[in-house]
Amino acid sequence: MSHDDTIRSLLDERRSFPPPPAFAAQANVTEAWLQREWVERAGEDPETFWTHRAEALDWAEPWHTAHTWAPTDGDSIPAATWFEGGRLNAAVNAVDRHVDAGHGDRVAFHFEGEPGDRRTLTYAELQREVAKAANALTDLGIVPGDRIVVYLPVLLETVIIQLAAARIGAVHSLVFGGFSAEAVRFRVEDTGAKLLVTTDGQFRRGAAVPVKAQADAAVAGVDSIEHVLVIRRTGSDIDWTEGRDLWWHETVGTASDVHEPEFFDAETPLFIIYTSGTTGKPKGLVHTTGGWLTHVAWSYWAVFDAKPETDVYWCTADLAWVTAHSYETYGPLLNGMTSVLYEGTPDTPSWERHFEILERYGVTTYYTAPTLIRSLMSRFPGGPPDRFDLSALRLLGTVGEAINPEAWVWFHTHLGRGETPIVDTWWQSETGAAIAAPLPGVSTLKPGSALTALPGLTVRVVDAAGVEVGPGGGGLLVVDGTWPGMSRTVWGNPERYRDSYWKRFAAQGYFLAGDGAKRDADGDLWVLGRIDDVINVSGHRLSTIEIESALVAHPSVGEAAVVGVADAVTGQAIAAFVTGDGDPAALRRHVREAIGPVAQPTHVFLVPDLPKTRSGKIMRRLLVDLVDGRPLGDTTSLQDETVPPRIAEVVAAAQRR
């Protein structure tokens, strides 16, 4: 095996947590459910499995072909279809069918703005709002296949415009509300969008932050843009371009609230989502309608044990990320769930904000990022203050990156009362929905492990030649074969889709995920982080997540981020950035004892905070740039743009010593 693809797995986590009997007794997925013939055969006959799951959606016309797949031979463009010929409408499945079933009075969303404003929207009200927006889009000349770029924070209108676009067959592409004008402009130009939807401003960390000027710069001189639709959120003064700019309340607010939907082929593009673009040009991944809805609807029902009559669900992701597309907007709505939307940052006005929201709405299922969990753990090591009643919580979940075992245990102990299952989900923008995750009623959980692939899906850990790696060994994580939720192409660049995901293992038909992973002795999956994040120290390729997990396990450490920085002798050296009051020498010894000498950090920087996006991900590339002395580039997506300069002072002081 080439050491370019061998990842040394050194951390050994042995704790396990079987499902609580009371939870298992009421779970959607039980041992008996898994013994159904078409479920038991899902590994060898995924097409039949997914056909069963597709039948849970409402179809205006049935499909004539369940699945086709033309794999790449290394040169040809791979092409997949699912449920071709079937016709359906995503918005009808997400909203209308629940109203038609008599659930119009059920709450679809509890919205809470950062300043404290609140609004509740039932399914019947959501149906009317989506109809108004769909009529307004049609009046603006938007037709099936047109692209709409949505540059908004977490608002009800963000969900409404997504569903309205889907209702009329337009393609939506959401952009994180903290991105720069340049980032928005790239997406507008790349999609050839006719419409940009934005706000006058947004509330962020207690302040009204201007947005419209960024939007104006993003569309200046872009020929495809015909209108900019503006939501009045903060009341800020803005520039206005007559004939192009339109107020939401004057355009959508005055439209008819009755709309007759069209139905579209299952392979009709639903949305384009761009990868982060931290290296190279962002890729616009295209997800289509029927297959993606099938994957999302079923995986939400199974993994989150959806109980629409009683559950209140909260996914904390920004609505622009794929997490929100699958498990904040469409997944919960397809299952008729009640959800919470929160506009702001988790520390505004204090770090107790999430506990307040969990208690206020009686949240039963809480799905968030490991970075946020570590932030809460560092500030509330003994758990939430006793005055908060979080007893409604019955299921917890994590997404975005592998979770450190100690953070998992804190989450389980202090928010889950030592009994609530945690679904640690592994998936990506490219996969569309969960690939590996526990099934909470049947899975024995292991802190930090996504366990196994869901029914109808197969994952493998392989070496450079595509040969499976044995238990304990680290390698490349791949998905074997195809699945309904998979992205179909890169917008405007099918060659890049082939080269990025399918070409390397064309002979085996594997999808290359870009993550490293290992299997343990039980065959369970442990994601080791992005291949790009692997550190090469004197020829040893080490997983950053394992070193971070060892550091977080030390009682003096709140959070940790580990990166590889340039080193003249070893190629790369391990640099650890930690919050807390630890002693660097003691932390080096701790890692050495927990993992081994090869993983001992060369540099340990005690920092006031870590640079995180508003979705909670640590921007590790900024840490590398700070140590190696490179310009930081765009930092507009950070929760707090003052963090990198403060870290730079710590690094500079250490380098002077």
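Colleague: Is Thr241 buried, exposed or partly exposed?
Modeller: Thr241 is partly exposed, because its relative accessible area is 34%, and that falls between the 20% and 50% cut-offs. Keep in mind that this is a predicted model.

Colleague: Where is Thr241 in the chain?
Modeller: Thr241 belongs to the loop that runs between strand S11 (227-231) and strand S12 (245-247). Its C-alpha is 9.0 Å from that of Asp216, and the two residues are 25 apart along the chain.

Colleague: New topic. Which residue has a positive phi near 55° without being glycine?
Modeller: That is Arg205. Most residues other than glycine have a negative phi. Arg205 sits in the loop between strand S9 (201-204) and strand S10 (207-210). Its relative accessibility is 30%, so Arg205 counts as partly exposed.

Colleague: And what about Leu451, buried or exposed?
Modeller: Buried, because its relative accessible area is 4%. Leu451 also has a positive phi, about 70°. You'll find Leu451 in the loop between strand S20 (422-424) and strand S21 (459-462).

Colleague: Which kind of peptide bond joins Thr348 to Pro349, cis or trans?
Modeller: Cis, with omega near 0°. Most peptide bonds are trans. Pro349 is in the loop between strand S17 (338-342) and helix H13 (353-360).

Colleague: Let's do a helix. How many residues of H7 are buried?
Modeller: 13 of the 13, so H7 is largely enclosed by the rest of the structure. The helix covers residues 156-168 and reaches 19 Å from its first C-alpha to its last, close to the expected 18 Å.

Colleague: What follows H7?
Modeller: Gly169, with a positive phi near 85°.

Colleague: On to rings. How many aromatic pairs are there in the whole structure?
Modeller: A search finds 39. One of them joins Trp82 and Phe83, and that pair is tilted, with 5.7 Å between centres and 55° between planes. Both residues are buried.

Colleague: Which residues do ring pairs link into a cluster?
Modeller: Trp33, Trp38, Phe49, Trp50, Trp298 and Trp301. Arg53 lies over the face of Trp301, 5.9 Å from the ring centre. Elsewhere, Lys518 lies over the face of Trp526, at 5.5 Å.

Colleague: Last one. How much space lies in the second largest pocket?
Modeller: About 210 Å³. It is lined by 13 residues, and those closest to its centre are Asp12, Glu13, Arg14, Asp520 and Ala521.

Colleague: What does the lining divide into?
Modeller: Nine charged residues, three nonpolar and one polar.

Definitions and conventions:
Residues numbered from 1 in each chain as written. Predicted model: local features only at pLDDT ≥ 70, side-chain atom pairs only at ≥ 80, totals over all residues. Heavy atoms only, no water. 1 Å grid on protein atoms, 1.4 Å probe; cavity = no way out; pocket = protein on both sides within 12 Å on 5 of 7 lines; lining within 4 Å. Points joined across faces, edges and corners; volume = space filled by probe spheres on them. Nonpolar A, V, L, I, M, F, W, Y, C, P; charged D, E, K, R; others polar. Phe/Tyr/Trp six-rings, centres within 6.5 Å; stacked < 30°, edge-to-face > 60°. Buried < 20%, exposed > 50% of the residue type's maximum accessible area, 1.4 Å probe, protein only. Lys NZ or Arg CZ within 6 Å of the ring centre and 35° of its normal. Helix = DSSP H or I, 4+ residues; strand = E, 2+ residues; numbered from the N terminus. Expected span 1.5 Å × (residues − 1).
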